[in-house]
Amino acid sequence: SSMFVIPFNIELSVVVPLHNEEGNARLLCEAIRTALDSLQRPYEVLLVDDEPKILQALVKALRDEGHAVTATGSPREALRLTTQQSFDLIVVDNLMPELSGLELIRAIAAAAGDGDRPPMLMMTAHATVASAIEAMKLGAIDYLQKPFDIDEFLVVVDRAVEHSRLR
């Protein structure tokens, strides 16, 4: 049996054993390449926060990382957007006028059903154990307490989207 290495631009090499079935190994390599390419594509992120300065900072951070960002200060607008476009991730503040972040997550989850639900992150300056538990029960995969570090935010975003894409 022999081995070969396929280099990728994301500082990852995939080693595939060859057992005299070169055709199968080639197909496997192409499948791995396709999967890794999909992990590298920019995320489509919906940001929902009624605080313009926070919204602006998060939009800038995500765009600097190469991601496509749709931002709104209105939970009702966010709900409308989710019916028109799919997102890799939805980031929601909890305390907003019109609807709370929990109400927004509940509405998005109900509209999407179990299979098509995008990962959602909740962020809030007024964290409670009860609201964190409620957010997780509704499908939020992480809960960030403001203020948070932008680098921490970006790590949580990457982890959420990659987890979702590997499902």
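Modeller: A salt bridge is taken here as a side-chain nitrogen of Lys or Arg lying within 4 Å of a carboxyl oxygen of Asp or Glu. The model is a predicted one, and by this rule its count comes to seven salt bridges.

The setting comes first. The chain has six helices and seven strands, and along the sequence these follow the pattern β-β-α-β-α-β-α-β-α-β-α-β-α. Of the 167 residues in the chain, 41% are buried.

The salt bridge of Glu77 with Arg80, at 2.5 Å from N to O, is set within a single helix: both residues lie in α3 (residues 75–84), three residues apart, which is about one turn of the helix. Glu77 is partly exposed with a relative accessible area of 27%, and Arg80 is partly exposed at 36%.

A further salt bridge brings together the side chains of Arg159 and Asp142 at 3.2 Å, N to O. Arg159 lies in helix α6 and Asp142 in strand β7, so this pair ties together parts that are 17 residues apart in sequence. Here Arg159 counts as partly exposed, at 48% relative accessibility, whereas Asp142 counts as buried, at 19%.

Beyond these pairs, salt bridges that share partners join Asp49, Glu51, Asp93 and Lys146 into one network. Lys146 lies in the loop between β7 (140–145) and α6, and it is buried because its relative accessible area is 9%, under the 20% cut-off. The C-alpha atom of Lys146 is separated by 4.5 Å from that of Ala125, although the two residues are 21 residues apart along the chain.

Asp93, another member of the network, belongs to strand β5 (residues 89–93), in which five of five residues are buried. Asp93 points one way from β5 together with Leu89 and Val91, while Ile90 and Val92 point the other way. Strand β5 pairs in the parallel sense with strand β3 (residues 44–48) over four bridges, where Leu46 stands opposite Ile90. Four bridges also join β5 to strand β6 (residues 120–124), again running parallel, and there the bridge partner of Val91 is Leu121.

Asp151 has its place in helix α6 (residues 150–166) and is exposed because its relative accessible area is 54%, over the 50% cut-off. Glu65 sits in the loop between α2 (52–64) and β4 (68–72), and at 48% relative accessibility it counts as partly exposed. From C-alpha to C-alpha, Glu65 and Pro42 are 8.3 Å apart in space and 23 residues apart in sequence.

Terms used
Residues are numbered from 1 along each chain as its sequence is written. This is a predicted model: local features need pLDDT of at least 70, side-chain atom pairs count only at pLDDT 80 or more; totals for chains, interfaces and linings use all residues. Side-chain values use heavy atoms; hydrogens and water are left out. Helices (H or I, at least four residues) and strands (E, at least two) are DSSP runs, numbered from the N terminus. Buried means under 20% relative accessible area, exposed over 50%, partly exposed in between (1.4 Å probe, protein chains only). Two strands pair if DSSP finds at least two bridges between them.
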